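Here are my notes on how the two chains meet. Please read them with the model open.

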Amino acid sequence: MSVLVYVENADGKFKKSIFEVVSYAKAIATQNNTGLIAISIGTVSTDELANLGKYGADKVLNASTDQLKTFVNQAYASIIFEAAKKEGANIIVLSNSFSGRGLAPRIGVKMEAGVADGAVSLPNQTAGSFTVKKTAFSGKAFAVVELNSENKVISLTPNSYKVIDGGANAPLETFTVETKESDFKAIVKDIIRATDKVSLPDAEIVVSAGRGLKGPENWGMVEELANLLGAATACSKPVSDAGWRPHSEHVGQTGIVVSPNLYIAIGISGAIQHLAGISSSKVIVVINKDPEAPFFKVADYGIVGDAFEVIPKLIEAVKQHKASA
Amino acid sequence: MKILVCISNVPDTTTKITFTDNNTQFNTAGVQFILNPYDEIALARAIELSEGGKGTVTVINIGEISTEPTIRKALAIGADDAVRVNAKPHDAYFVAFQLAQYVKENAFDLILTGRESIDYNGSKVAGMLGEFLDIPSISIIKKLDINGDIATVEREIEGGKEVITIPFPFVAGVAEGVAEWKIPNMRGIMSARTKPLKVIEAVAVKTLSEVISYETPAPRGQVKLVPADDAAKLIELLHSEAKVI
Ligand SMILES: Cc1cc2nc3c(=O)[nH]c(=O)nc-3n(C[C@H](O)[C@H](O)[C@H](O)COP(=O)(O)OP(=O)(O)OC[C@H]3O[C@@H](n4cnc5c(N)ncnc54)[C@H](O)[C@@H]3O)c2cc1C
Ligand SMILES: Nc1ncnc2c1ncn2[C@@H]1O[C@H](COP(=O)(O)O)[C@@H](O)[C@H]1O
């Protein structure tokens, strides 16, 4: 028995959310007095791979052939399954990223494993059962799910477990398995990624704006504030419906659910569907000209004021803060 | 082209979520159930793709009789026929297994699901169904076009998208962008009453996971207001008190 963690790369690099996943998987391995094996698929440098030892991986398997350069969930799931068999792993851990959501269910079926998607804390194994807390109802609540199968698959919500480093470099092992042609029917033709922007699902700080901003031409200051803070930008649903911002920025019950350390909401009323997607943020700041806006009821800090006056002042204040730091 | 759209029945988005029986049961008292918004988008795209005699759209739900109004809504929007597998949807594995069983007996070219159900947000059914059928599954899709016997889809990735080509049959978990929501018209509502809705029994399968309790997020304390002309104060609080910047 062991724990296997899938380490997803983006353009050959690991993001912070992957160090969280490895740290989390290490803690599960420790709970079970067993080792942690990591598997990387695709092209990642050996330095980057060995570095995973710092976060707890005892060994890193590297599946890196030309055929595996781009992510195809069907093929990647087969490889992770083969790695689990070889290593005798019965708990598979991965990130609840967009790709992770395509992988976890396929691995779950292959292993006849219960799948806990979007876990927010370590499993509880004290009462002889295996339970995992996950988000439910688009962030309006949590569900404690019991996995009663021998094998288990757990995907971790970004920003919900701290990175723990301190270990040494991990040994690498090349992992080759025979692939099935039928696993590669989907062909990735193009990858379009804005590399200069912080991606919303794993951002630690999010600056979000709503209909109070009046029109798309006013997003310049929102972006400036976000850039200064190293934050991702987001918006409410009517804003993306109107085409002011892309759908990929829409947070809420029918959009992306985020759990950053800091969520700054500007000119957003705080409708229940919007709050659903952001309520697990650690700190919430609301800026709204209406003191009665429902968003203030769930905020930690607030400014009652006009966004067009407050945002430029915030930009100045952040600049000064950065200059003095 | 035969298209299958998998639909789930979920609490309305305005629902205040509460629990009963010592936080072990979702409190359905007074809750209105709706067609999962993403499934509605999937259905809208399926109808667009089948229009003009190009195909048929079947909707399927794993649920008890209480889900029938939602199934009728899907028929009113424009599905040709419907199937209900008469069972409580225990978990995603159970649901995907029932769907796979149906697809094995009734071939489809394209199977659509929503990116996730807004109650349990598993994003699991599409992938599990693909694996049970040993065909490709792709989620989260924002664009779905068909040229002959190949589809081109756009999958969302962190900070961008991937363009993927894929032959039929496959399973796609769709999100906003794929189509606009369709509002049923009077004719649709009238004809929905007479469109076929077949009820079949479920096949026994293991339940691998089970929700044993729920928690609601911890309430936040009173909001700390900062004067509008003192933005520096807010930044100072976020730095030294909240320690987030
Ligand atoms: C099925 C369904 C699903 C939905 N899903 C989502 C979802 O996922 N996400 C989501 O966001 N919404 C969702 N909604 C919509 C939701 O109900 C609200 O309509 C929406 O969140 C409101 O967006 P808003 O706050 O930007 O706009 P508004 O409600 O119009 O609020 C604008 C706010 O800006 C403030 N304001 C105006 N001018 C200024 C100014 N100069 N300075 C400062 N403040 C100002 C106003 O006081 C007001 O509070 C959904 C709705 C439905 C029916
Ligand atoms: N009970 C059900 N019956 C039919 N389809 C379902 C059911 N539950 C979920 N689905 C489909 O699977 C998708 C993803 O659901 P989930 O994996 O629960 O997030 C939904 O958007 C539906 O398309």
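1. A salt bridge here is a side-chain nitrogen of Lys or Arg within 4 Å of a carboxyl oxygen of Asp or Glu. One of them joins the side chains of R220(B) and D300(A), with N to O at 2.9 Å. The count between chain B and chain A is nine salt bridges.

2. Ground rules. This is a predicted model, where local features need pLDDT of at least 70 and side-chain atom pairs count only at pLDDT 80 or more, while totals for chains, interfaces and linings use all residues; side-chain values use heavy atoms, leaving out hydrogens and water. Residues are numbered from 1 along each chain as its sequence is written, and chains are lettered from A and ligands numbered from 1 in the order in which they are written.

3. Extent of the interface. Contact (heavy atoms within 4.5 Å) links 81 residues of chain B with 88 residues of chain A. The buried area is about 7300 Å², and carbon and sulfur atoms give 57% of that. Buried area is the accessible area (1.4 Å probe) that two parts lose on being put together, summed over both. On chain B, E131(B), E158(B) and R220(B) supply 12% of the area buried against chain A, more than any other three residues.

4. Polar contacts. The rule finds 41 residue pairs across the interface, both residues at pLDDT 80 or more. It asks for N or O atoms within 3.5 Å; within protein, one must be able to donate a hydrogen and the other to accept it, and residues adjacent in sequence count only if both atoms are side-chain atoms. By class, the side of chain B that touches chain A has 39 nonpolar, 21 polar and 21 charged residues. Gly counts as polar in this scheme.

5. Strand pairing between chains. Strands are DSSP runs of E, at least two residues, and two of them pair if DSSP finds at least two bridges. Strand β7 (residues 141–147) of chain A runs antiparallel to β14(B) over six bridges. There, E146(A) has E210(B) as its bridge partner.

6. In β15(B), K224(B) is the bridge partner of Y301(A).

Conventions:
Helix = DSSP H or I, 4+ residues; strand = E, 2+ residues; numbered from the N terminus.
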